[in-house]
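Work through the exercises below with the sequence and the model open side by side. Try each task before reading its solution.

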Amino acid sequence: MNSKVIALLVTLAWAGVACSDETGPQISLAGTWDFIGFSDAGIEAATTGTWTFETTNAFHVQGTITFPGEPTDSLVVSGSYSQQGSQVELTIGIDTGRWTLSGDGDVVVLTEVEPAPANTITLRRQ
């Protein structure tokens, strides 16, 4: 093989590896997480509680959320989720939200797929 063909094969192989990671971080949501942050349309709320993602694709949230100048609201939610790499769908009843997952595995941020400023959920693994 001449050097041009080898260079082309190496370039194509590298491009394939680089493109194969388009799904983002390989972080599994399964487990229990501390609910450490939430923003709605760019407004940060104080949060407490936990999110639990079951291996059966069910999730449960229990905690509180407080927006500036507002009373604290209890938060008790259950639903289902699906995760494909960095893409996550959260379904509660008939409503499904689409989110993008980022982070390092110990702290993750789910950012809703919508125009900016998008809602975010910040979780820390227990």
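Buried means under 20% relative accessible area, exposed over 50%, and partly exposed in between, with a 1.4 Å probe and protein chains only. The model is predicted: local features need pLDDT of at least 70, side-chain atom pairs count only at pLDDT 80 or more, and totals for chains, interfaces and linings use all residues. Residues are numbered from 1 along each chain as its sequence is written, and side-chain values use heavy atoms, with hydrogens and water left out.

**Exercise 1. Find N57 and describe its backbone and its accessibility.**

Step 1. N57 sits in the loop between β2 and β3 (58-66).
Step 2. Read phi. The angle is near 75 degrees, a positive value in a residue other than glycine.
Step 3. Classify the accessibility. At 33% relative accessibility, N57 is partly exposed.

**Exercise 2. Which peptide bond is cis, and where is P117 found?**

Step 1. Check omega. The bond from A116 to P117 is cis, with omega near -5 degrees.
Step 2. Locate the proline. P117 is in the loop between β7 (107-112) and β8 (120-125).

**Exercise 3. Write out the order of elements and trace the sheet.**

Step 1. Count the elements. The protein chain has 1 helix and 8 strands. These are DSSP runs numbered from the N terminus: helices are H or I with at least four residues, strands are E with at least two.
Step 2. Order them. From the N terminus, the chain reads α-β-β-β-β-β-β-β-β.
Step 3. Follow the pairing. Two strands pair if DSSP finds at least two bridges between them. The 8 strands form a closed barrel, β1-β2-β3-β4-β5-β6-β7-β8, with antiparallel pairing.
Step 4. Zoom in on one pair. β1 and β2 run antiparallel and are joined by 7 bridges. F38 has A45, in β2, as its bridge partner.

**Exercise 4. What share of the residues is buried, and what share of the contacts spans at least 24 residues?**

Step 1. Of the 126 residues of the protein chain, 30% are buried.
Step 2. A contact means heavy atoms within 4.5 Å. Among contacts between residues at least 6 apart in sequence, 36% join residues at least 24 apart.
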